[in-house]
Amino acid sequence: MRVLLIGANGYLGRFVADRLLADPAVQLTALGRGDDADVRFDLATGSPGALTRFLDAVHPGVVINCAGATRGGARDLTRHNTVAVATICEALRRSGCGARLVQIGCGAEYGPSQPGSSTAEDAVPRPGGPYGVSKLAATELVLGSGLDAVVLRVFSPAGPGTPAGSPLGRLAEAMRRAMQSGDGELKLGGLGAQRDFIDVRDVARAVHAASLSAAQGVINIGSGRAVRLRDAASVLARVAGFGGALHELDTPGGPVRPTLGHPRSDPDQLAPAAYPYPDGCGSWQQADVRTARDRLGWRPRINLEESLADIWMEAACRI
């Protein structure tokens, strides 16, 4: 099976590439903007015609898009998350390769949900920020393209390679600094939110399964369990051997540090009280993952403690 992987050097893309390379039946080609890509191509500025010519030459059976941006203004997010996907869809429509498209979406497309609920694929998306809007627009382009396509809505990825600016990455970095300086307490903000964390290696397994399946439409990829960030911090402290006290800085009605969601350009900037969660998902997100089980034969295997242990191992190496 010939697979074209777009965004192989990104956080998710690296693990998807590793998973596919471990399958002897897969012939993998990586397309991206970096020098180490098999083919250099910028989806945000390249033309559909140029990409079509490449598709006709390589003739992949599956195209997997892991590329995109998680930070920046609305214009940059639209260019990298929406316009890029429009280019892919148009190129696939023009090409004679007939490839299946696996698009990586995100849980932020749904926006806030009712605490205690599980969000299924038929929920009406109401993204609460420009990132979720740009990803939802990409999903709508894929679903309306007429292609053989599936969108995997990945909730909150965790595990090795977690960016230092992500929620769990920030926790690990703050704990590392506290231990390095000998602080007996750690003060953190934004710990009240609950998110559905899913290990990045389980995400890669889901992408692999989706590339082999005939499933179409939207499929949630998550653990199916919301975890309060405060509880994740406690597990991380145990894994790290941090014996100090954890204090939450949040005050009702007051500003909080934007420790959740996608990193802002200024990590110390205070978020307005009305928008304490930069990912636009409010205080709760939990995926209904029955569709992934039924249509992909996929279930998460790696628990959050193992994911946190790997995050901490990488953070500790920076001491």
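Student: What share of the contacts in the chain with a separation of 6 or more comes from residues 24 or more positions apart?

Tutor: In this predicted model, residues 24 or more positions apart account for 80% of those contacts. A contact here means heavy atoms within 4.5 Å.

Student: And what makes the radius of gyration of the chain agree with a compact globule?

Tutor: A compact globule of 319 residues would have a radius of gyration near 20 Å, and the chain has 20 Å, so the two agree. The C-alpha trace spans about 60 × 35 × 35 Å along its principal axes, and the chain has nine helices and 13 strands.

Student: How much of the chain counts as buried, and what belongs to carbon and sulfur on its surface?

Tutor: Of the 319 residues, 54% count as buried. The accessible surface comes to about 13800 Å², and carbon and sulfur atoms hold 50% of that. As for charge, there are 34 positive and 32 negative ones, with mean positions 2 Å apart.

Student: Let's turn to helices. Which residues of helix H2 are buried, and what do they pack against?

Tutor: Helix H2 covers residues 48-58, and its buried residues include Gly49, Leu51, Thr52, Phe54 and Leu55. The buried residues of H2 pack against strands S1 (2-6), S2 (27-32), S3 (39-40) and S4 (62-65), and against helix H3 (74-94).

Student: Why is histidine 59 called partly exposed?

Tutor: Histidine 59 has a relative accessible area of 40%, so histidine 59 is partly exposed. Histidine 59 follows H2, in the loop between H2 and S4. Its phi is near 55 degrees, a positive value in a residue other than glycine.

Student: Why does serine 95 count as buried?

Tutor: Buried means under 20% relative accessible area. Serine 95 is at 9%, so serine 95 counts as buried. You will find serine 95 in the loop between H3 and strand S5 (100-106). Leaving aside neighbours within four places in sequence, serine 95 is in contact with Thr52, Leu55 and Asp56. A polar atom of the serine 95 side chain also lies 3.0 Å from the backbone nitrogen of cysteine 97.

Student: How do you know that the side chains of histidine 208 and aspartate 23 make a polar contact?

Tutor: A polar contact needs a pair of N or O atoms within 3.5 Å, one able to donate a hydrogen and the other to accept it. The side chains of histidine 208 and aspartate 23 are joined by such a contact of 2.9 Å. Apart from neighbours within four places in sequence, histidine 208 is in contact with Arg19, Leu20 and Asp23.

Student: How far apart are serine 181 and valine 289?

Tutor: Serine 181 and valine 289 are 108 residues apart in sequence, and 42 Å apart in space from C-alpha to C-alpha.

Key:
Residues numbered from 1 in each chain as written. Predicted model: local features only at pLDDT ≥ 70, side-chain atom pairs only at ≥ 80, totals over all residues. Heavy atoms only, no water. Helix = DSSP H or I, 4+ residues; strand = E, 2+ residues; numbered from the N terminus. Rg over C-alpha atoms; globule rule 2.2 N^0.38 Å. Buried < 20%, exposed > 50% of the residue type's maximum accessible area, 1.4 Å probe, protein only. Areas by Shrake-Rupley, 256 points an atom, 1.4 Å probe, with all protein chains shown as cover. Lys, Arg positive; Asp, Glu negative; His and termini not counted. Charge placed at Lys NZ, Arg CZ, Asp CG, Glu CD.
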